[in-house]
Amino acid sequence: MKRNRSRKVIQIVLPIVVVILVFPLVAGCIWFYDLTRSPLPQHDGELKVAGLRDTVEILRDEWGIPHIYAKNRYDLFFAQGYTQAQDRWWQMEFWRHTASGRIEELVGKNTGLLKADIFLRSVGWKHVAEQEVKNYDSESLSVLQAFADGVNAYIMNRKPKELALEYSVLGLRGIDAKIEPWTPADSLAFAKIMAWDLGFRRSVDATRAKLYLLMGPEMTEQWLTPPWPFWKKPTILKLEDLGITKSDVTTNVDYLTELSGVEMLSTENIWPDKSLVMGHAPGDGSNNWEASGKTTKSGMPLLANDPHLSIQMPSIWYQIGLHCQPAAGEAPLDVVGFAFAATPGVIIGHNSSIAWGVTNVFPDVHDLYVIRVNPDNPLQYEWNGEWRNVKVYEETIHFGDGVEPVTIKVRETHLGPIINDNQVDEETGEILGFNNKMPVALRWTALEPGTILKAVVGINKATNWEEFREALRYWDVPSQNVIYADVQGNIGYQMPGRIPIRAKNHSGLMPAPGWTDAFEWKGFIPYDSLPRAFNPERGYIATANQAVVPQEYYEHLEKKLGEGLNYVFGLEWNYGYRAQRIEELLEKMAPHTIATFQAIQGDNKLISAEELMPYLANLKFDDAELAQARDWLLKWDYQCNADSSQAALYAQFWASLVKNLYYDQLGDVFQAEGDNREMWATLLLMEEPDNAWWDDITTKDVVESRDDILIRSFKEGYANAVATLGKDRDKWRWGKLHTSTFVSSPLGQSGIGLIEKMVNRGPFPTGGSSDTVNNTRWTVASGDFTVGWLPSMRMIVDLGDLTKSVTIHTTGQSGHPYSKHYDNLIERWLNMEYYPMLWTREQVEAAAVDKLILKPSK
């Protein structure tokens with residue numbers, strides 16, 4: 001009886017226990033599945049969509065790359081907005097909030113982000129974008145509106161959790177995000193993010209002022225802006241391209257002229273930390289080049305591009321094909337390539353007639369002005385001996401976690417907004433209001449209404465060099481090195497952009513007095529006076545952010561446009577290492593094919609190491625182990641492949657050298673990064689073994705020379721290599737130190753391991769280095785060798801047969817962490833592999849794995 005009773009108890013209790021234990025597990029699995037899978041969009045089948053005018057087909061290949069086929073232009077760009085919102089909505093949402101200074105609406109109050117939001121509200125990117133919408137031509141505005149309509153057709157009838165898992169995860173912190181309609185201004189505001197990312201955030205004007213006070217102009221410029229190596233490294237265009245003869249002209253800059261009255265700027269920190277939203281270090285790179293039929297095996301042009309941008313998850317690029325064959329009234333449009341998720345059109349790619357690619361020019365298109373405020377009225381500032389009124393507008397910053405909003409007042413002068421008002425007290429978190437001690441105004445071309453979307457639309461439609469150049473007339477900011485090739489066999493180059501003309505004594509490299517028109521801009525260089533070339537005799541054009549033109553070009557501009565003014569585009573170019581290597585390989589490997597272009601894109605040779613190695617070879621070591629390690633390093637081929645052991649030792653030596661050479665002098669003003677600037681500056685200092693930079697100012701009663709610092713750095717570098725990689729040099733691998741981790745914003749930087757693992761991918765061993773052609777940039781200042789910037793995509797277009805073009809980008813098409821297309825491209829990117837850049841309908845149909853048909857809802 002007892003046994004039977006026990007059995008009955010077990011029979012009753014066991015299921016209850018199982019339910020109690022299993023139900024939470026099952027419920028948790030269901031919740032997690034819903035969290036991660038409900039945002040995944042439909043890519044196959046049929047959908048009714050309000051707002052469409054006709055049926056649209058969207059075909060995707062195995063990589064998730066869509067090709068959109070529409071019967072009219074409106075539907076084409078509508079479907080582009082719909083498609084990009086399907087795959088990348090969170091990226092679009094985060095970019096939109098960044099551009100508008102509303103980041104904390106998504107993530108809650110955060111002191112660091114509050115500084116960023118205040119700064120972004122002060123510069124007013126969104127306000128400028130709204131003004132641009134009012135100014136745009138009807139065609140560009142129709143494209144923007146169609147794109148916005150498509151985005152809204154996807155997002156406005158879905159709950160946040162159905163759009164992105166980020167909403168659900170942030171909701172656990174009490175963030176109650178509201179989905180707002182997308183607007184044309186949201187797309188245009190994103191262009192301001194790119195303008196900042198591609199140039200302005202490299203600004204060292206304020207740093208230069210501080211260093212002049214700390215160490216004087218001579219030492220400052222030996223590190224910060226060493227003379228550009230004209231005639232030692234290649235400029236983009238040559239004298240023969242420009243029809244100019246060689247002269248003894250040099251570009252002299254009087255840095256000190258602007259220093260008067262701005263000494264107190266050395267106490268100001270005018271730039272907030274925006275690393276959470278834009279990465280930790282400003283990048284320095286992109287490559288593009290092209291070869292005409294003179295130097296290709298096929299006799300037709302090849303064009304290559306690999307823009308170098310901050311490492312992120314998902315990829316900054318969205319690859320897409322846009323195809324429109326209207327029944328009547330409109331011209332056909334077929335264009336494929338790379339877009340930004342937040343914008344319509346194709347930024348880099350090709351149509352049926354032309355191909356194009358871009359790299360950053362890095363012109364100096366901003367200035368800082370120190371403002372004199374009326375001591376009796378903080379809403380007035382001095383200008384030419386009189387008081388002017390500032391414009392004042394209020395900005396209210398809301399917080400997604402329900403914290404009470406704060407309101408700030410932004411002052412704007414005719415030169416631009418004051419950007420160091422409303423500083424946040426580090427200890428109390430209090431917003432300090434107007435800065436009347438040393439207010440600084442920013443003038444920047446991106447803060448003036450622009451027309452870049454008109455340029456993009458025009459390039460997408462262009463069929464020849466003349467139409468291409470006419471479209472680029474509207475590409476105002478950020479200025480780019482744009483290369484061109486066409487199916488007729490032509491190649492060309494055009495630099496577009498709004499480039500300021502300054503007074504002769506105004507370098508643009510220092511904060512300037514903002515109370516006189518002596519330092520006000522004098523206009524802009526006319527578009528037709530900017531550098532261009534068409535079918536150069538040598539048969540190729542290569543750009544890698546180096547100086548655009550020889551110095552003689554500025555003498556030419558002065559004669560053409562008028563003497564007594566400063567027409568220099570800028571003085572902070574890349575120092576030409578990648579450009580030198582690309583041109584070497586273009587000469588050496590001709591005649592070219594897609595395979596040779598792939599080899600160039602994957603080249604890992606570090607020219608700077610080759611330049612410095614003779615100085616290492618001459619060192620006398622007392623330690624036999626160090627001498628042996630140095631001799632072993634001398635046998636290196638200078639290739640920074642992931643499996644290279646010698647690249648690992650050199651990187652450790654270089655990091656120690658940069659610290660020992662520069663950090664003691666720079667103090668806490670700035671940290672040298674070890675990129676191309678330090679590479680060239682260090683080479684020049686090698687020729688001055690007793691230069692003051694070599695002395696370690698922290699050692700009393702000792703004056704170090706070049707060889708003292710080199711020996712110390714090699715000793716430290718070798719010890720660090722042993723400590724991190726072990727004693728056996730044969731087992732050292734550069735890729736163990738140099739890794740890529742693709743980080744999603746903001747969850748990927750949450751500090752919560754489980755969440756970061758959901759959205760981030762890596763680390764992955766990575767080849768290349770800073771300023772190799774395969775430019776996987778790391779910085780000494782970061783404290784390790786992890787990749788900060790990289791080739792964000794690689795593209796090679798064959799103008800002889802567009803169907804043979806190939807490409808790759810870094811992560812995947814999708815921004816949804818649990819999509820199969822979130823990270824499916826990483827391994828191919830790491831291994832320098834490509835996939836076909838599909839072009840014809842036949843190619844697309846043959847490769848299609850999904851077909852989504854969008855039909856108008858009645």
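In this predicted model, helix 13 and helix 14 touch each other through a handful of side-by-side residues: Ala-455, Gly-458, Ile-459 and Lys-461 from helix 13 meet Glu-467, Phe-468, Ala-471 and Leu-472 from helix 14. Sorted by class, that contact has five nonpolar, one polar and two charged residues.

How do you describe a pair like this? Two packed helices are described by the angle between their axes and the distance between the axes. Here, the axes of helix 13 and helix 14 (residues 465–472) come within 8 Å and cross at roughly 170°. Because angles over 145 degrees count as roughly antiparallel, helix 13 is roughly antiparallel to helix 14.

Rolling a probe the size of a water molecule over the atoms shows where empty space is left. How many cavities of 30 Å³ or more does a search of the whole structure find? The search finds five.

| Cavity | Volume | Lining residues | Classes in the lining |
|---|---|---|---|
| Largest cavity | about 320 Å³ | 25 residues | 19 nonpolar, six polar, no charged |
| Second largest cavity | about 110 Å³ | 14 residues | 10 nonpolar, four polar, no charged |

Let's look at the largest cavity. The lining residues closest to its centre are Met-194, Phe-340, Ile-347, Ile-452 and Trp-475. Helix 8 (184–197), strand 5 (302–310), strand 9 (354–360) and helix 13 (452–461) each supply at least two residues of the lining. Which element gives the most to this lining? That's helix 8, with five residues.

Now for the second largest cavity. Leu-606, Tyr-650, Trp-654, Ser-769 and Trp-778 lie nearest its centre. Helix 20 (residues 645–666) gives the most to this lining, with four residues.

Is helix 18 (residues 607–617) largely enclosed or largely open? Eight of its 11 residues are buried, so helix 18 is largely enclosed by the rest of the structure. The buried ones are Ile-607, Ser-608, Ala-609, Glu-611, Leu-612, Met-613, Tyr-615 and Leu-616. And what covers them? The cover includes helix 16 (577–588), helix 19 (624–633), helix 20, helix 21 (676–686) and helix 22 (706–725).

Methods
Residues numbered from 1 in each chain as written. Predicted model: local features only at pLDDT ≥ 70, side-chain atom pairs only at ≥ 80, totals over all residues. Heavy atoms only, no water. 1 Å grid on protein atoms, 1.4 Å probe; cavity = no way out; pocket = protein on both sides within 12 Å on 5 of 7 lines; lining within 4 Å. Points joined across faces, edges and corners; volume = space filled by probe spheres on them. Nonpolar A, V, L, I, M, F, W, Y, C, P; charged D, E, K, R; others polar. Axes fitted to C-alpha atoms, helices over the stretch in contact; angles between N-to-C directions. Parallel < 35°, antiparallel > 145°, perpendicular 65-115°, else oblique. Contact = heavy atoms within 4.5 Å. Buried < 20%, exposed > 50% of the residue type's maximum accessible area, 1.4 Å probe, protein only.
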